[in-house]
Amino acid sequence: MDKKLLAQLFIVFFATQAIGLITAQSLLMQGVSVTIVNEDKESVENSFGLFGYILVFTAILIVLLRILKGKRLYFILKALEIMAVFSTTVIVFSIIGDLAGIIAGIAMVAARIALPKNVWLRNLSSVIAGAGAGALIGISIGVFPMIVFIILLAAYDYIAVFKTKHMVEIAKNVAPQNMSFTYALPTKDHQFELGTGDIVIPLAFASSVLAENIQTIAPPAHVVAPILIILASFAGLFLTLEYLSKRIGMALPALPPQTLLMLIVFGICRLAGF
């Protein structure tokens with residue numbers, strides 16, 4: 001793999017995970033969470049509900065991409081980006097204080113509006129957005145429902161890329177807009193686009209495990225499983241990008257190998273008492 005590509009992957013992945021785990025732990029200490037579908041975090045209804053939300057949003061996005069073009073499409077996507085970036089930035093920086101969260105959210109949105117074509121600012125906003133979303137989702141759903149959810153999502157990722165191919169269609173239309181829905185990894189020969197799900201979902205799983213471990217395992221051992229899950233996910237993502245870096249233009253879902261490795265490591269951690 002190109003060294004520049006690897007360096008960028010390392011930075012955006014681990015920056016998102018580190019900020020996300022810090023945010024998750026802070027939110028847990030504050031008793032913050034959201035109801036996905038069922039107030040019982042251990043209910044599998046939350047797995048299917050969360051998966052359903054993703055399907056509905058994806059369907060709406062596909063319709064928008066097919067009926068809107070040019071500036072109309074750009075402004076709709078920009079509005080979605082602004083809402084996502086603002087809300088997730090508020091979540092992350094609210095660990096400092098509510099006012100700090102609001103100020104940071106406004107500043108991030110203003111920067112994205114003022115410099116819409118800046119790739120590095122886009123990646124920064126994607127890191128913050130991914131950290132906030134992954135942390136909040138993770139602490140709001142139990143470990144078993146989360147496992148069901150990521151298995152469903154991995155299967156969907158495979159189907160969406162190889163069968164229906166609608167994920168490829170979305171990527172081709174959204175990536176040129178330079179929105180914070182993906183991470184941009186530019187190299188001398190090609191700009192790779194990494195879906196936020198490939199980074200947010202591992203964080204959500206790790207945060208869910210963290211939320212459970214805080215109640216049952218004394219620190220600092222409570223972070224062992226979340227950290228190993230994140231490392232396993234990175235291995236799956238690295239292998240996917242390594243394969244793609246030699247096959248420019250090819251689309252490949254990263255979640256299936258990531259999910260497999262994360263579940264194997266999670267099982268080992270549980271057997272080892274972590």
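This is a predicted model: local features need pLDDT of at least 70, side-chain atom pairs count only at pLDDT 80 or more; totals for chains, interfaces and linings use all residues.
**View 1. Leucine 77 is a buried residue of helix H3.** With a relative accessible area of 1%, leucine 77 falls under the 20% limit and is therefore counted as buried. Leaving aside residues up to four places away in sequence, leucine 77 touches Leu61, Gln177, Met179 and Phe181. The C-alpha atom of leucine 77 is separated by 32 Å from that of lysine 41, a residue 36 places away along the chain.

**View 2. Strands S1 and S2 form an antiparallel pair.** Strand S1 (residues 182-186) and strand S2 (residues 191-195) are paired over five bridges, and a hairpin of four residues joins S1 to S2. Within this pairing, tyrosine 183 has leucine 194 of S2 as its bridge partner. Strand S1 is mostly covered, since five of its five residues are buried. In a regular strand the side chains alternate between the two faces of the sheet. In S1, Thr182, Ala184 and Pro186 point one way while Tyr183 and Leu185 point the other way, and residues on both sides are buried.

**View 3. Leucine 185 belongs to the largest nonpolar core of the model.** This core has 48 residues, and those with the most contacts inside it are Phe149, Leu185 and Phe205. Apart from this core lies another, of ten residues, among them Leu61, Leu64, Leu77 and Val174. Not counting residues up to four places away in sequence, leucine 185 touches Leu5, Gln8, Leu9, Val12, His190, Gln191, Phe192, Leu194 and Leu241.

**View 4. Aromatic rings pair within and between segments of the chain, with nine such pairs in the count.** Phenylalanine 13 and phenylalanine 14 form an edge-to-face pair, with 5.0 Å from centre to centre and 80° between the planes. Phenylalanine 13 counts as buried, because its relative accessibility is 0%. Phenylalanine 205 and phenylalanine 266 form a tilted pair, at 5.6 Å centre to centre and with 55° between the planes. Because phenylalanine 205 lies in helix H8 (residues 197-216) and phenylalanine 266 in helix H10 (residues 255-271), this pair ties together parts that are 61 residues apart in sequence. Both phenylalanine 205 and phenylalanine 266 are buried. Elsewhere, ring pairs link Phe10, Phe13, Phe14 and Phe234 into a cluster.

Terms used. Residues are numbered from 1 along each chain as its sequence is written. Side-chain values use heavy atoms; hydrogens and water are left out. Rings of Phe, Tyr and Trp (its six-membered ring) pair if their centres lie within 6.5 Å; planes under 30 degrees apart count as stacked, over 60 as edge-to-face and the rest as tilted. Buried means under 20% relative accessible area, exposed over 50%, partly exposed in between (1.4 Å probe, protein chains only). Helices (H or I, at least four residues) and strands (E, at least two) are DSSP runs, numbered from the N terminus. A nonpolar core is a set of buried Ala, Val, Leu, Ile, Met, Phe, Trp, Tyr and Cys residues joined through side-chain atoms within 4.5 Å. Contact means heavy atoms within 4.5 Å. Two strands pair if DSSP finds at least two bridges between them.
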